[in-house]
Amino acid sequence: MSDWPLPRRRFLRALSGSLAGAALVSPLEARAAELVEVTGRLEGIRDRRAWREALRAEYLLSPEVLYVNHASIGTIPRRVHEARVELLRMCEENPWLHMWGGAWEGAREDARAAVAGFLGTTAEGVALTHNTTEGFNLLANGLPLAAGDEVVFTSLNHDGASVAWHHNARRRGFAVRRVSFPLRDAASLSREDVVQLHRDTLSPRTRVLVLPHVDNMVGIRHDVAAIATAARDAGVEFVVVDAAQSAGMIPVAVDGLGVDAYAGSPHKWLQSAKGIGFAYLSSRIQASLEPMWVTWGQARWAGTVRRFEDYGTRNLAETVNLADAVAFQQGLRGEFAERGYRQIRGWMRDRVDGSPRLSWHSPPRWEDGASLVAIGVRGRSAPEVGEWLWREHRVVLRAFGDPLNALRVSPHLITTQEELERLFRLMEEAAT
Ligand SMILES: Cc1ncc(COP(=O)(O)O)c(C=O)c1O
């Protein structure tokens, strides 16, 4: 992540504007200043519990639900949502000016630069898509693959990063090989085991290796850099990564990973508006990739990453608002946020270890895992327990049936200790 995030630059512009007179501060700049003020205030709180409570108050999440499903869909911070509403309103004042007249041209590029900085890369590589699924459709449609070529991934790969390959394989003649991942062994696999497992999936025909940075079932944090190196050594041309469960939750430095694509859904952990995404594309893969859509005016973006996101009219307010979501998350990268997930996860691990009614199915260490863990309830079908938790107790989580048979708990920093304690009591109550 950059030391000097773009929203702070905007903040300074806003500050100098306000010194010269309020009229000089644009609504976008005033908005950025407010976000920096909110996260700055949080940074000043020294007590961890008070910090988490103050943070929670910045969200719209209903107190009626116990929400531990941030891996499915995140919740947008109130100020980011307000900024979004303001942008939608501004757009309607003069839609042509904002959509096509260039009024938001700079703001759109600010959003791209903000995402790039957050991911540890540069703006030339970041396409502003709608979600992870779109990123993988872009790749599966546009890479130069033909009969004789093979795309490989394990069964841990989410459908959103898989189905586009299957679909295009039928249409275009290349092969897809999906290798079974030993899901039930996730808790005993070392980081090197997971690297080796990927090494073993490769064949001389493999041209593309697909993997999640963090998977959505047991939350394995893949050693992407080591897997990418192993794949290159084996002659694989493109290593493409699903960032849906990583960006915004764990620190990411894309330029150090040695991958060709890193596509994600910031509406999960980065807590953006729904339906805005990103796809980092290396200059190497950009040179080989055909755009998925052809649109009028696209020729303007030839040779730039924008040709991969150009599909006619889009909701530019939400694109611009992505900079606000990034500003908020960047502002949270203080001491408690860095340690927060580790502590929440450590607490959950200890709680399961101490309970004969629950079982742990995720990597033991935070360094190899995520704030996304699979917990079994002894003697019970996880989907049935999940349904009971929602119906009777308004707990929102995801349940996986066989072979995993576990509840997926994915808390955010805004999940309170009381909520976690209640959840664990309920899971124990459900056990036979
Ligand atoms: C790992 C992973 N990849 C891809 C997706 C699909 O995300 P989207 O629907 O935002 O494209 C999800 C959604 O949960 C996911 O968990």
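Contact here means heavy atoms within 4.5 Å. The structure is a predicted model, in which local features need pLDDT of at least 70 and side-chain atom pairs count only at pLDDT 80 or more, while totals for chains, interfaces and linings use all residues. Residues are numbered from 1 along each chain as its sequence is written, and side-chain values use heavy atoms, with hydrogens and water left out. Helices (H or I, at least four residues) and strands (E, at least two) are DSSP runs numbered from the N terminus. Buried means under 20% relative accessible area, exposed over 50%, and partly exposed in between, with a 1.4 Å probe and protein chains only.

**Nonpolar cores**

- A nonpolar core is a set of buried Ala, Val, Leu, Ile, Met, Phe, Trp, Tyr and Cys residues joined through side-chain atoms within 4.5 Å.
- The largest nonpolar core has 62 residues, among which L55 and Y262 touch the most other members.
- At least two residues of this core come from each of α2 (27-43), α3 (48-56), α6 (105-119), β5 (206-212), α10 (224-233), β6 (238-242), β8 (278-281) and α12 (316-331).
- Leaving aside residues up to four places away in sequence, Y262 touches L119, H213, V241, A243, S246, V252, V254, L257, F278, A279 and Y280.
- A second, separate core contains 26 residues, including A127, L139, L145 and V210.
- In soluble globular proteins, nonpolar side chains tend to be buried together.

**Packing of α14 and α15**

- Two packed helices are described by the angle between their axes and the distance between the axes.
- Helix α14 (residues 382-393) and helix α15 (residues 417-430) have axes that come within 11 Å and cross at roughly 125°.
- Axes are lines fitted to C-alpha atoms, for helices over the stretch in contact, and angles run from 0 to 180 degrees between N-to-C directions.
- The contact involves V385, W388, L389 and H393 of α14, together with R422, L426, M427, E429 and A430 of α15.
- By class, the residues of this contact are six nonpolar, one polar and two charged; Ala, Val, Leu, Ile, Met, Phe, Trp, Tyr, Cys and Pro count as nonpolar, Asp, Glu, Lys and Arg as charged, and the others, Gly among them, as polar.

**Two buried positions**

- A83 is found in helix α4 (residues 78-93) and is buried, with a relative accessible area of 3%.
- Not counting residues up to four places away in sequence, A83 touches R31, N321 and D324.
- The C-alpha atoms of A83 and A30 are separated by 9.9 Å, and these residues are 53 residues apart along the chain.
- S355, in the loop between α13 (335-353) and β9 (358-360), is also buried, at a relative accessible area of 4%.
- A separation of 8.0 Å lies between the C-alpha atoms of S355 and E428, which are 73 residues apart along the chain.

**Backbone features in loops**

- R394 has a positive phi of about 55° although it is not a glycine.
- R394 is placed in the loop between α14 and β11 (395-396) and counts as partly exposed, at 37% relative accessibility.
- The loop between β12 (398-400) and β13 (406-409) holds P403, and the peptide bond from D402 to P403 is cis, with omega near 5°.
- N405 also lies in the loop between β12 and β13.
- N405, not a glycine, has a positive phi of about 50°, and at 22% relative accessibility N405 counts as partly exposed.
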